[in-house]
Amino acid sequence: MARLEKKLFDENFLNSWSLNYQKLRALCRQGKPVAANVDEQLAQWISIQRRIRHMLPCELKTELAALRFDFDEKDFSWATMYRQLAWFAERNGHTCLPPDQQHEDLKDWLVRQIIGRSLLSDDQFRKLDSLRVDWDMPISREHRWEQMYWKLKDFYLTFGHSRVPQKWAKDKQLAHWVTVQRRTHSSNKLKEDRKRKLDELHFVWSIQDVYASQWEHYFQQLVSFHKAHGHCSVPGKYEKLVSWIERQKLAKKDNALPPDREKRLDQINFIWSCESIKQKRWDDAYAQLYAYHQQYGHSFVPVHFSKNKSLGIWVATQRAREAKGKLGPAKKKKLDTLGFVWTRDTQRQVKSAYDTRWEANLEKLKVYKQKTGSCQVSLRIDLALQRWTRWQRKLFYQGRLSPERIDRLNAIRFPWSVQDGYWMQMYRSLLNFRELFGHTRVPFRWEANPQLAAWVYRVKSEKSALASQKKELLNSIGFDWTLRRRTALPWQDMYARLVDYKKEHGHTRVPAGSGKDLKLGKWCSRMRSERAHLDPERVALLEAIDFDWSSKCSCEKAANRTSR
């Protein structure tokens, strides 16, 4: 019964019912006469509710009862027709209505009450019985047919179709009558005018048509699901659709599915067997294992593989199925192509192969360092080796690299971060600067190498956070830790200032610690100390103005004597 009610009172019915109910409730709340404000559609809906209230689900009956609207006291309502019948009985002493046009509507009403006697309330039955209604009154077949047709029309207007359930407890009489009409039609005994009237209600003459309609309904649902998700693997929450799908599979298995339906299902890649689903899932997992093998060089996936737990479980399942002899030979062969690990002995073999590969990559890294002077491998030079070094760093920071391998990499000054690699690159640039100029005082914002100038300044400012190993490297080359943030003037500018100084004082002995131009004094002092590393052209320019190459102290003494 519940399933039949769900079919009749489906979503479409409830949406339409709710729309009209909301309209009537709004009119009732306004306090105005409803009869004068309803449109034709709402008036028809109200009329139908009067006749089918006994069919409605309990929740809909409750909502109707909550309205301040009397469904009975309307034109041609039960009470109105009863008063007409009572008046006729009072005048004539009986309720046998004549078959004339004047009493046609009243007689139709009375016949409906007799036919639907079981649906009358106790009060209604008592009132009619008090008028001495002949409950056994003979009713013509034509009249009875019209009365049942009228009930079917109500059903059609209510639910939008005439497919009355065969075992509908709400109105067993109507359900039986519909079955009789189909049987009469199949034996060519149904009158043409009756067939025409039933066709107006889209009457379903064959039960097979009903099944065909249901099949098409669920097929369109499956097509919509396929368009939305790209497959026909419908989850269990779609209960009705899943049940329909299972019936199609069983029908094909029993050779009872028509070829045209099978063809339509094939066109949307319908899954006929669960085996095909299982095979597709296995192939998807195999593709993931293949990708894992490409990245890590083996197929021994840990059971608790954090990046893909389902893959780790799947691999363990394949190993267990193979041990029980349940893994197909074709699948085993595919896994073997990836060097699949079937036992713990194979695991040790994989570890041995991994160790051999590690040693080979370490030797490649040593050769790379000899050629480039760095362990910071470039992607453009050796992509595979660069990936290997990146993986060693990752293992190191995860605490998964053995101490023995850490020591071996430290022995070749392997940078554990990209920043360390850059630091060593700048350190080598500083060595070149020292070899060229004899000191490590890289000018702030040095145009020749601004990256080195910025790095030197940053190293000095962050000395307290610098690793002891790096400090030792800098101290070993006499690194000047004095933090200066001065912009170095071009050599030609300082030389011009020295020429002006000579013109004014007659010599080039500029005091280094006093005087008006302290910067020029220090510059001259630096020229003297760095004479061995100066460019010959610059030495020649200084010689041209009789530059005094004597020591700083003697220059200052001479300057003092001159001032006296």
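Select Phe 433 first. In this predicted model, Phe 433 counts as buried because its relative accessibility is 4%, and buried means under 20%. At 27% relative accessibility, Phe 437 counts as partly exposed.

Show the helix around them. Both Phe 433 and Phe 437 belong to helix α20, residues 418-437. They sit four residues apart, about one turn of the helix.

Next, look at the two rings. A pair of aromatic rings is described by the distance of the centres and the angle of the planes. How many aromatic pairs does a search of the whole structure find? The count is 23. Phe 433 and Phe 437 form one that is tilted, with 4.6 Å centre to centre and 45 degrees between the planes.

Move on to Phe 479 and Trp 481. Are these residues buried or exposed? Phe 479 is buried, and Trp 481 is buried too. Their rings make an edge-to-face pair. Check the geometry: 4.8 Å centre to centre, 75 degrees between the planes.

Then select Trp 215, Tyr 218, Phe 219 and Trp 244. Ring pairs link these residues into a cluster.

Select Lys 307, Arg 387, Arg 390, Lys 394 and Arg 400. Together they form a positive surface patch. Zoom in on Arg 400. Where is Arg 400 found? Look in the loop between α18 (383-397) and α19 (403-410). Why does Arg 400 count as exposed? Its relative accessibility is 54%, and exposed means over 50%.

Methods
Residues are numbered from 1 along each chain as its sequence is written. This is a predicted model: local features need pLDDT of at least 70, side-chain atom pairs count only at pLDDT 80 or more; totals for chains, interfaces and linings use all residues. Side-chain values use heavy atoms; hydrogens and water are left out. Patches are made of residues with over 30% relative accessible area and no salt bridge: like charges are joined within 9 Å, nonpolar side chains (Val, Leu, Ile, Met, Phe, Trp, Tyr) within 5 Å. Accessible areas come from the Shrake-Rupley method with a 1.4 Å probe; for residues, only the protein chains shown count as cover. A salt bridge is a side-chain nitrogen of Lys or Arg within 4 Å of a carboxyl oxygen of Asp or Glu. Lys and Arg count as positive and Asp and Glu as negative; His and the chain ends are not counted. The place of a charge is taken as NZ of Lys, CZ of Arg, CG of Asp or CD of Glu. Helices (H or I, at least four residues) and strands (E, at least two) are DSSP runs, numbered from the N terminus. Buried means under 20% relative accessible area, exposed over 50%, partly exposed in between (1.4 Å probe, protein chains only). Rings of Phe, Tyr and Trp (its six-membered ring) pair if their centres lie within 6.5 Å; planes under 30 degrees apart count as stacked, over 60 as edge-to-face and the rest as tilted.
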